[in-house]
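Here is a protein model to go through together, one "how do you know?" at a time. Keep the viewer open and follow along.

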Amino acid sequence: MSDLQASQKVMKHYMNALLTEDVVETPIDQAKKQQLNALLATVSAPVIAPVKTPAQVKPAVVAPVVAPAVKAPVATPLAPVTEQVKLAAVVPAVQAAAPVVKEYRKGRFQALFFTVAGLKVALPLKALGGIHKIMPVSSLPGQPQWLKGVMLYREQKINVVDTALWVMPEKYDQELAEKLNYQYVIMLGNSHWGLACDTLVNTIALEQDEVKWRETEGKRPWLAGLIKQHMCALLDVDALIALLAKGMNSQD
């Protein structure tokens with residue numbers, strides 16, 4: 001086995017463990033269905049805090065306002081003036097907005113598959129902003145290590161992410177860096193962020209039940225779910241863009 005194949009095999013096992021909250025690997029000779037169940041048995045039911053009944057607030061007693069006495073002119077006495085008091089309108093409580101359901105969570109959708117250091121990754125095709133051949137990148141001082149730099153494409157400045165370093169910073173070393181062969185930049189939505197990748201695999205139509213969706217918030221918000229048959233991560237592009245904009249990597 002070549003050094004590159006060995007490196008890819010190690011990173012594939014690492015990604016599987018990363019995406020499944022460090023579940024212990026099943027023996028190799030177990031059935032594929034058992035492996036899948038072990039990898040996907042990581043979603044826990046959300047903890048719902050008990051609802052506390054708000055304490056009943058007694059209405060405040062407002063003392064009547066006594067208007068000061070007005071001396072009427074001697075010539076013509078004035079009739080008493082009654083001041084009208086307008087009651088403040090009751091403002092209804094603002095209801096929390098319902099979470100936005102992403103378009104690819106509605107029925108069949110297309111996903112683009114690509115590889116990074118031998119690992120297969122996918123993102124919803126509707127969240128793809130474009131694909132460019134990688135070009136010379138200008139590094140920027142004072143930026144996170146996972147930001148390779150800025151690439152110019154038709155007067156557009158693209159922030160190119162070293163995807164392998166972003167996903168697995170603790171596994172990234174000089175040996176891995178030398179074996180990377182980034183050839184393309186996968187644009188994320190309408191942003192200026194792009195993921196460097198080695199190869200483009202294909203585009204596949206997926207049904208909703210072919211993905212183990214992430215249903216609760218917590219660690220790794222960039223992970224939309226796991227594509228069961230391909231055993232790879234499906235990226236949540238909106239969450240990924242938000243993390244990149246904050247200078248955070250996959251472990252933060």
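Q: Why is Glu 155 called exposed rather than buried?
A: This is a predicted model, and in it Glu 155 has a relative accessible area of 83%. The label "exposed" needs a value over 50%, so Glu 155 is exposed.

Q: Where is Glu 155, and what is noted about its phi?
A: Glu 155 lies in the loop between strand S4 (147-153) and strand S5 (156-161). Its phi is positive, about 70 degrees, although Glu 155 is not a glycine.

Q: What makes S8 and S9 the edge strands of their sheet?
A: The sheet is open, with six strands in the order S8-S1-S2-S11-S10-S9 and mixed pairing. Strand S8 (199-206) and strand S9 (211-213) each have a single partner strand, so one side of each is left without a neighbour in the sheet. Direction ignored, neighbouring strands of this sheet are turned by 30 degrees against each other on average.

Q: Why is strand S10 described as largely enclosed?
A: Five of the five residues of S10 (residues 223-227) are buried, so the strand is largely enclosed by the rest of the structure.

Q: Which strands does S10 pair with, and over how many bridges?
A: S9 and S10 pair in the antiparallel sense over three bridges, and four bridges join S10 to strand S11 (residues 232-235), also antiparallel.

Q: What is the order of the five-strand sheet, and which strands are its edges?
A: This open sheet has the order S3-S6-S7-S5-S4, with mixed pairing. Strand S3 (128-133) and S4 are the edge strands, since each pairs on one side only. S3 and strand S6 (residues 184-188) are antiparallel over five bridges, with Leu 128 opposite Leu 188 in S6.

Q: Which residues have the most contacts inside the largest nonpolar core?
A: They are Phe 114, Trp 166 and Leu 188, in a core of 38 residues. Helix H5 (residues 237-245) gives the largest share of this core, five residues. Apart from it lies another core, of 12 residues, among them Phe 113, Trp 213, Ile 227 and Cys 232. As general background, nonpolar side chains tend to be buried together in soluble globular proteins.

Q: What does Phe 114 touch beyond its neighbours within four places in sequence?
A: Its contacts include Leu 119, Val 121, Leu 123, Ile 186, Leu 195, Cys 197 and Leu 235.

Q: Why does Ala 239 count as buried?
A: Its relative accessibility is 18%, and the cut-off for buried is under 20%, so Ala 239 counts as buried. Ala 239 is found in helix H5 and, not counting residues up to four places away in sequence, touches Pro 221 and Trp 222.

Q: What makes Cys 197 and Cys 232 buried?
A: Cys 197 has 0% relative accessibility, so it counts as buried. Cys 232, with a relative accessible area of 1%, is buried as well.

Q: How many disulfides does the whole structure have?
A: A search finds zero. A disulfide here would need a pair of cysteine sulfur atoms within 2.5 Å.

Methods. Residues are numbered from 1 along each chain as its sequence is written. This is a predicted model: local features need pLDDT of at least 70, side-chain atom pairs count only at pLDDT 80 or more; totals for chains, interfaces and linings use all residues. Side-chain values use heavy atoms; hydrogens and water are left out. A nonpolar core is a set of buried Ala, Val, Leu, Ile, Met, Phe, Trp, Tyr and Cys residues joined through side-chain atoms within 4.5 Å. Buried means under 20% relative accessible area, exposed over 50%, partly exposed in between (1.4 Å probe, protein chains only). Helices (H or I, at least four residues) and strands (E, at least two) are DSSP runs, numbered from the N terminus. Contact means heavy atoms within 4.5 Å. Two strands pair if DSSP finds at least two bridges between them. Axes are lines fitted to C-alpha atoms, for helices over the stretch in contact, and angles run from 0 to 180 degrees between N-to-C directions.
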